[in-house]
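Here is a set of questions about how labels follow from computed values. Each answer sets a value against its cut-off.

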Amino acid sequence: VADTYSSQVRKIDLPSGVVTTLGSGFSFPAGVAVTNSGSSAYVADTVNSQIKKVDISSNAVTLVGGSTAGFRDGTGTSAKFNQPIAVAVTTNVFDGDTLWVCDRNNHNIRKLVVNTKVVTTVAGSGSSGSSDGVGTGASFNEPYGIAATSDGLVLYVADTGNNCIRKVAFGLDITVTTLAGGVVSGKGDG
């Protein structure tokens, strides 16, 4: 659990309900993703504009990517995020853990390969907008939530500023499409 206003990450053991603090040193942690093995949690450390890893057995916190607020693809601390808010994790035999990050204030979706610490932009132009398209030709408006299929070939994004759900599909191109909702907020099935 991202205990955002306490600036901590917590674990709730089930079914006992025992709560323990896993790590500190965060500033407004907003998103947490746990590996399938349960050995690590990755945290969108929002105000610090960083992605951190928490080793669940030792509670050790390490920086995986990001440094100060900004925008830059790169490796480790040479990469820059601007208030990353959500993270999803997939694992494969080639890359190990791969993180998919909603980089909220940069209005895009980023990929971070944990073993190499390489950060790249996969979708979003960097300017707020609501266009479907290919890769960085698409636009988002403050994406706030993300989920990935187990193979990492499809991402689902809560594009909060656009009041919609978007799909990012990896094939010959990286295709961004709107699945539901629209730019105008409202309520209603359809």
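**Cores, burial and salt bridges**

Q: Which residues is Val157 in contact with, leaving aside its neighbours within four places in sequence?
A: In this predicted model, Val157 is in contact with Cys102, Ile109, Phe140, Pro143, Gly145, Ile146, Cys164, Ile165, Arg166 and Val168, leaving aside its neighbours within four places in sequence. Contact here takes heavy atoms within 4.5 Å.

Q: What makes a set of residues a nonpolar core, and which residues have the most contacts inside the largest one?
A: The residues must be buried, of a listed nonpolar type, and joined through side-chain atoms within 4.5 Å. The largest such core has 15 residues. Those with the most contacts inside it are Cys102, Ile109, Ala123, Phe140, Ile146, Val157 and Val168. Two or more residues each come from β9 (84–92), β10 (96–103), β12 (118–123) and β15 (154–159). β9 gives the largest share, 3 residues. A second, separate core has 14 residues, including Ala33, Ala44, Ile51 and Phe81.

Q: Why is Lys52 called buried?
A: Its relative accessible area is 9%. Buried means under 20%, so Lys52 qualifies. Lys52 sits in strand β6 (residues 50–55). Leaving aside neighbours within four places in sequence, its contacts include Gly25, Phe26, Tyr42, Asp45 and Val64.

Q: What lies 3.1 Å from a polar atom of the Lys52 side chain?
A: The backbone oxygen of Gly25 does. The cut-off for a polar contact is 3.5 Å, and 3.1 Å is within it.

Q: Is Ser40 buried or exposed?
A: Buried: the relative accessible area of Ser40 is 6%, and the limit is under 20%. Ser40 belongs to strand β5 (residues 40–45). Beyond four places in sequence, Ser40 is in contact with Ala33, Val34, Thr35, Lys53, Val54 and Ile56.

Q: Why is Val34 called partly exposed?
A: Its relative accessible area is 44%. Buried needs under 20% and exposed needs over 50%, so Val34 falls in between. Its place is in strand β4 (residues 29–34). Leaving aside neighbours within four places, Val34 is in contact with Ser40, Ala41, Ile56 and Val89.

Q: How do you know that Ile12 can belong to a surface patch?
A: A patch residue needs over 30% relative accessible area and no salt bridge. Ile12 is at 43%, so the area condition is met. Ile12 forms a nonpolar patch with Val1, Leu14 and Val19, with about 410 Å² of accessible area together.

Q: Why does the pair Lys11 and Asp13 count as a salt bridge?
A: The N to O distance is 3.8 Å. The limit is within 4 Å, so the pair passes. Lys11 is partly exposed at 28%, and Asp13 is partly exposed at 31%. The structure holds 7 salt bridges.

Q: What makes Arg110 and Asp103 a buried salt bridge?
A: Their side chains meet at 2.6 Å, N to O, within the 4 Å limit. Arg110 has a relative accessible area of 0%, and Asp103 is at 0% too. Under 20% is buried, so both labels follow. Asp73, Asp103 and Arg110 are linked in a network of salt bridges.

Q: Which parts of the chain does the Asp132 and Arg166 pair link?
A: Asp132 is in the loop between β12 and β13 (133–134), and Arg166 is in strand β16 (residues 164–170), 34 residues apart. Their closest N and O atoms are 3.1 Å apart. Asp132 is partly exposed at 39%, whereas Arg166 is buried at 0%.

Terms used
Residues numbered from 1 in each chain as written. Predicted model: local features only at pLDDT ≥ 70, side-chain atom pairs only at ≥ 80, totals over all residues. Heavy atoms only, no water. Helix = DSSP H or I, 4+ residues; strand = E, 2+ residues; numbered from the N terminus. Buried < 20%, exposed > 50% of the residue type's maximum accessible area, 1.4 Å probe, protein only. Polar contact = N/O pair within 3.5 Å; in protein donor to acceptor, adjacent residues only side chain to side chain. Patch = residues over 30% accessible without salt bridge, like charges linked within 9 Å, V, L, I, M, F, W, Y side chains within 5 Å. Areas by Shrake-Rupley, 256 points an atom, 1.4 Å probe, with all protein chains shown as cover.
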